[in-house]
Amino acid sequence: KTIAVITDMDQPLGYAVGNALEVKEAIDTLKGNGPEDFTKLCFTLGSYMLIAGDIAKNEEEAHSMLKEAVDSGRAYEKFVEFIKAQGGDVRQIQNTELLPKATIEVPVYANEEGYVSKIVCDEVGICSLILGGGRENKESEIDLSVGLILHKKVGDFVTKATPIATIYGNSEEKIIAAKERLLKAYSFSDENVEKRALIQGIIE
């Protein structure tokens, strides 16, 4: 049985891009403190998995089961169990301050005033790649500490004094290149931009 969840991709999910940064955001979400859009997608996908597995009768029941697992702490506890079973260091999960950290943090300011109308997802991903957060070839070594945290997303109003993101890196040269790319990934509009629905449709 296959179920497809069609989502809006005019901006990245959540706010974190990069290995350690995304792990921290995922842990926050398991504890019930994640970004609204990322949490909604997790609950939607999880709900349809429970329905497909005949564990829940409908989306409402499945959503309630998932919410209870998060609110009670069972979801996070199961994640810690997974890490232990695979020989991971649970100290980094229990205290995310121990996750790899970049040495340089640079705020990125909007280059124009207006409402954010679109953020090109793959371009943001390439910014992380430039910083060292991904592989350009199979010999590339991944820097787990680098990446970006987005502060402004579609529908938000910004000025040239507004930080739209923070870049985390270990090389000034790579940060400059990533910053230029990130600014090109953002589109702005003079008119108010409504926030689009994350879930565009579900195909069963």
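## Pockets, sheets and a few telling residues

Let's start with what lines the largest pocket: 12 nonpolar, 2 polar and 2 charged residues. Here Ala, Val, Leu, Ile, Met, Phe, Trp, Tyr, Cys and Pro count as nonpolar, Asp, Glu, Lys and Arg as charged, and the others, Gly among them, as polar. Before going on, keep in mind that this is a predicted model, in which local features need pLDDT of at least 70 and side-chain atom pairs count only at pLDDT 80 or more, while totals for chains, interfaces and linings use all residues. Residues are numbered from 1 along each chain as its sequence is written, and side-chain values use heavy atoms, with hydrogens and water left out.

The volume of that largest pocket is about 470 Å³. A pocket here is an open set of points on a 1 Å grid over the protein atoms alone, where a 1.4 Å probe fits and protein lies on both sides within 12 Å along at least five of seven lines; lining residues have an atom within 4 Å of a point. Grid points are joined across faces, edges and corners, and the volume is the space filled by probe spheres set on them. There are 16 lining residues, and the closest to the centre are L30, L66, A69, V70 and A75. Helix 1 (19-30), helix 2 (36-52), helix 3 (59-71) and helix 4 (74-85) are the elements that give two or more residues to this lining. Helix 4 gives the most, with 5 residues. These element names come from DSSP runs numbered from the N terminus: helices are H or I with at least four residues, strands are E with at least two.

The second largest pocket holds about 390 Å³. Its lining also has 16 residues, but the classes read 7 nonpolar, 1 polar and 8 charged. Nearest its centre you'll find Q11, E36, D37, K195 and R196.

Back to the helices for a closer look. T29 sits in helix 1 and is buried, at a relative accessible area of 9%; buried means under 20%, exposed over 50% and partly exposed in between, with a 1.4 Å probe and protein chains only. Leaving out residues up to four places away in sequence, T29 touches G34, P35, F38, T39 and V70, where contact means heavy atoms within 4.5 Å. T29 and V70 are 41 residues apart in sequence, yet their C-alpha atoms are 8.5 Å apart in space.

Another threonine, T44, belongs to helix 2 and is buried too, with a relative accessible area of 7%. Its side chain reaches the backbone oxygen of K40 at 2.8 Å. Beyond four places in sequence, T44 touches V5, E59, I199 and I202. Follow the chain out of helix 2 and you come to D54, in the loop between helix 2 and helix 3. D54 is exposed, with a relative accessible area of 72%, and its phi is near 60°, a positive value in a residue other than glycine.

Now for the sheets. Strands of a sheet pair through backbone hydrogen bonds, either parallel or antiparallel. Two strands count as paired if DSSP finds at least two bridges between them. Strand 2 is joined to strand 5 (residues 147-150) by 2 bridges, and A16 has I149 as its bridge partner. V106 is on the covered face of strand 3 along with I104 and V108, while E105, P107 and Y109 make up the uncovered one.

The other open sheet has 3 strands in the order 6-4-8, again with antiparallel pairing. Its edges are strand 6 (157-158) and strand 8 (186-189), each having a single partner strand, so one side of each is left without a neighbour in the sheet. Strand 4 (residues 114-119) pairs with strand 8 over 4 bridges, and the bridge partner of V116 is F188.

V116 also turns up among the contacts of K152, a residue in the loop between strand 5 and strand 6. K152 is partly exposed, at 25% relative accessibility. Not counting residues up to four places away in sequence, K152 touches V116, I119, V158, T162, P163, I164 and Y186.

Key:
A polar contact is a pair of N or O atoms within 3.5 Å; within protein, one must be able to donate a hydrogen and the other to accept it, and residues adjacent in sequence count only if both atoms are side-chain atoms.
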